[in-house]
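The sequence and structure come first.

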Amino acid sequence: MTLTLFRKALWALAGVAALALVWPLLWADYRADRARAEREPAFQADFELTDHRGMFRTQEDFAGRWMLVFFGFANCPDVCPTTLSEVATIMEGLGNDAEQVQPLFISIDPERDTPSALADFVPRFEAGIIGLTGTPDQIATTSQTFKIFYERFEEASAPDGYTMSHSSQLFLFGPEAGYVASWAYNTPAEEILADLRERIAQ
Amino acid sequence: MKSILIAMLVAMTLPFGLATSARAGAGDVVVENAWSRASIGTSRPGAAYMDIRNAGDEDVMLTGLRTDLAGMPEIHLTSTNEQGVSSMSPVGEIAIAPGETVALAPGGMHAMLMQLRRPMEEGETFPLTLLFSDGGEVTVEVPIRGIAARGPDD
């Protein structure tokens, strides 16, 4: 009887010891998992599109550089030129660091925005921006990857009788194409520039 | 003879008097900081921006635009929802209370210049006439800045 009790006590002790040994390991493992989840980007930039020079492009072409991605259409008279000029200001402000950042303008109006239409639009902002377009299917796939919204709606007064609504944020992707941050439309270029500089310097 | 002279004087000054009374409405509208961006050819619409101030003491109602530059000039509003989706729609009439300023600025309202009749060239200007409900008009010369301009001076 006493022996059994002694044995039980021993087993209990062994159990506690085992737990004491294993617990930190489990905990460390859990912590590492958490840290990884926090560091892991929400999604990866992933696209197969044609640039404004007619070249086939994927995110791999920009590996090792940060990507500043935004969506729009060349017929857009307000939001898009404003965003393009903001991006031009950011790129100018980056100075030597500009080499580390590739701005990409992705069209959500593939019907009108052929590569040559983009070639007549994007380079005018003189900021090294690459215009990307594709087939309607390619653009639809890209929008799903980037979790952005766009919609064509009929507007009698608009050129060609339609205009587009679209997500107007500016997205930042890291050197491994992972999503890093986004800024809402109308965020001052100076604010984005300061944030971007800090991230590049890290 | 003297009375005829007075009558003539009154008749001559009458139009001025009418013009002065009209100043209580659209005549007291001041347009400042007008600017626009250069266009690429004429196939895509342009946009112009400005501050429209009602310096009078009566409400004014902006009803439309007119310019020889574009076949269809209209005020449009860009709105961005919580999900960050921007879209554009015609505004219609805009009431401006006494002392108030309505800003046409990037990301908000803009004078959308559709059916351009000639390209908007950097360094040039074009006349844009604002039409008001009282029949008054205000014409402003809008400077055309570079395509990447961010405002009236930068």
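Is A:R57 buried or exposed? A:R57 is buried, at a relative accessible area of 12%, where buried means under 20% relative accessible area, exposed over 50% and partly exposed in between (1.4 Å probe, protein chains only).

## Basis of the values

This is a predicted model, in which local features need pLDDT of at least 70 and side-chain atom pairs count only at pLDDT 80 or more, while totals for chains, interfaces and linings use all residues. Residues are numbered from 1 along each chain as its sequence is written, chains are lettered from A and ligands numbered from 1 in the order in which they are written, and side-chain values use heavy atoms, with hydrogens and water left out.

## Interface of chains A and B

In chain B, 30 residues are in contact (heavy atoms within 4.5 Å) with 32 residues of chain A. The two chains bury about 2,300 Å² between them, 56% of it on carbon and sulfur atoms; buried area is the accessible area (1.4 Å probe) that two parts lose on being put together, summed over both. B:I40, B:R44 and B:R150 supply 26% of the area that chain B buries against chain A, more than any other three residues.

Across the interface, 12 residue pairs are in polar contact, both residues being at pLDDT 80 or more. A polar contact is a pair of N or O atoms within 3.5 Å; within protein, one must be able to donate a hydrogen and the other to accept it, and residues adjacent in sequence count only if both atoms are side-chain atoms. The side of chain B that touches chain A divides into 14 nonpolar, 12 polar and four charged residues; Ala, Val, Leu, Ile, Met, Phe, Trp, Tyr, Cys and Pro count as nonpolar, Asp, Glu, Lys and Arg as charged, and the others, Gly among them, as polar.

## Salt bridges

The structure holds 13 salt bridges over all chains, each a side-chain nitrogen of Lys or Arg within 4 Å of a carboxyl oxygen of Asp or Glu. Two salt bridges are counted between chain B and chain A. One of the 13 joins A:E190 to B:R150, with the closest N and O atoms 3.2 Å apart. A:E190 is partly exposed, at 47% relative accessible area.

Within chain A, the side chains of A:R57 and A:D61 meet at 3.9 Å, N to O. A:D61 is partly exposed, at 40% relative accessibility.

Within chain B, B:E137 pairs with B:R66 at 3.0 Å between the closest N and O atoms. B:E137 is partly exposed at 45%, as is B:R66 at 40%.
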